[in-house]
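Hi everyone, thanks for making time for this. I'd like to walk you through a structure that may be new to you, so please have a look at it first.

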Amino acid sequence: MSVWWLWILGAALCGIVEVVSVSFVFLMFAIGALAAGIAAVLGASIPVQVVVFVVVSVALLAVLRPFLKGRIDRSGSDVRTNTDALVGKSAYVTETVGERHGRIQFSGGEWSARTEGPTLAVGAQVRVDRIDGATAIVSALGSSAPTPGNPYAGPAASGE
């Protein structure tokens with residue numbers, strides 16, 4: 001009786017479970033089942049096929065899984081996206097920022113902003129502490145004196 005197709009079916013099922021779980025355990029079982037299927041095609045007996053499955057699966061679990069798991073764990077924790085990527089960036093005040101309203105030039109556009117500290121004057125450089133809906137919560141960054149690269153600094157921006 002030829003059982004190679006059962007090993008291939010088992011490998012496919014393990015592959016489907018792996019796609020859902022992303023644990024790298026079922027991937028190792030799928031590869032072990034493929035190896036056992038190849039052994040079956042080459043004419044190995046069922047006990048030999050089982051030994052091939054167990055040895056390949058255990059070897060991959062011991063050697064390859066920790067490497068793959070480590071790569072995924074390292075790459076996933078530091079990726080900031082959406083509003084998380086905006087926190088900590090600097091901006092310039094374009095309309096006086098108080099506890100209720102204001103505007104800043106930030107991330108390629110003008111954003112509504114507010115502060116939980118003292119009022120921030122036009123031209124001040126600020127840091128984005130967090131994003132609350134569509135509003136940036138900001139605080140003063142260093143001195144509030146306009147910086148040379150600030151396009152909103154000077155008499156025209158401050159209304160003088």
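Let's begin with one glycine. Gly-142 counts as exposed, because its relative accessibility is 69%; by the cut-offs used here, buried means under 20% relative accessible area, exposed over 50%, and partly exposed in between, with a 1.4 Å probe and protein chains only. Gly-142 sits in the loop between β5 and α4 (155–158). Those element names come from DSSP runs, numbered from the N terminus: helices are H or I with at least four residues, strands are E with at least two. Ala-124 is 18 residues away from Gly-142 in sequence, and their C-alpha atoms are 9.4 Å apart in space.

A quick word on where this comes from. This is a predicted model, so local features need pLDDT of at least 70 and side-chain atom pairs count only at pLDDT 80 or more, while totals for chains, interfaces and linings use all residues. Residues are numbered from 1 along each chain as its sequence is written, and side-chain values use heavy atoms, with hydrogens and water left out.

Now to strand β5, residues 135–140, where we find Ile-137. Is Ile-137 buried or exposed? With a relative accessible area of 0%, Ile-137 is buried. Contact here means heavy atoms within 4.5 Å. Leaving aside residues up to four places away in sequence, Ile-137 touches several residues, among them Arg-114, Glu-116, Arg-127 and Val-128. Glu-116 is 21 residues from Ile-137 along the chain, yet their C-alpha atoms are separated by 7.5 Å.

That brings us to the nonpolar cores. A nonpolar core is a set of buried Ala, Val, Leu, Ile, Met, Phe, Trp, Tyr and Cys residues joined through side-chain atoms within 4.5 Å. Which residues touch the most other members of the largest one? Among its 14 residues, they are Val-93, Val-97, Ile-104, Val-126, Val-128 and Val-138. Two or more residues each come from β1 (90–95), β2 (103–106), β4 (125–132) and β5. The largest share, three residues, is from β4. As for Val-128, its contacts beyond four places in sequence include Leu-86, Ile-104, Phe-106, Ile-137 and Val-138. There is also a second, separate core of eight residues, including Val-3, Trp-7, Cys-14 and Ala-40.

How are the strands arranged? Two strands pair if DSSP finds at least two bridges between them. β1 and β4 run antiparallel and are joined by three bridges, with Ser-90 partnered by Arg-127 in β4. Three bridges also pair β1 with β2 in the antiparallel sense, and here Glu-95 stands opposite Arg-103 in β2.

Let's move to the helices. An unreviewed UniProt entry places the feature "transmembrane region" at residues 7–40 and 46–64; such annotations may be inferred rather than shown by experiment. In the model, the 7–40 span is 91% helix and 0% strand, and its end C-alpha atoms lie 8 Å apart. For 46–64, the span is 100% helix and 0% strand, with end C-alpha atoms 26 Å apart.

Helix α2, residues 25–41, has 17 residues and reaches 25 Å from its first C-alpha to its last, close to the 24 Å expected at 1.5 Å a residue; that expected span is 1.5 Å times one less than the number of residues. Its buried residues include Met-28, Ala-33, Ala-36 and Ala-40. Just after α2, Gly-43 takes a positive phi of about 95 degrees.

Last topic: the aromatic rings. Rings of Phe, Tyr and Trp (its six-membered ring) pair if their centres lie within 6.5 Å; planes under 30 degrees apart count as stacked, over 60 as edge-to-face and the rest as tilted. The structure holds four such pairs. Trp-7 and Phe-53 have ring centres 5.4 Å apart and planes at 35 degrees, so they form a tilted pair. Since Trp-7 lies in helix α1 (residues 4–21) and Phe-53 in helix α3 (residues 46–76), the pair ties together parts 46 residues apart in sequence. Trp-7 counts as buried at 18% relative accessibility, whereas Phe-53 is partly exposed at 22%. Phe-29 and Phe-53 are also a tilted pair, with centres 6.2 Å apart and planes at 35 degrees. Finally, ring pairs link Trp-7, Phe-26, Phe-29 and Phe-53 into a cluster.
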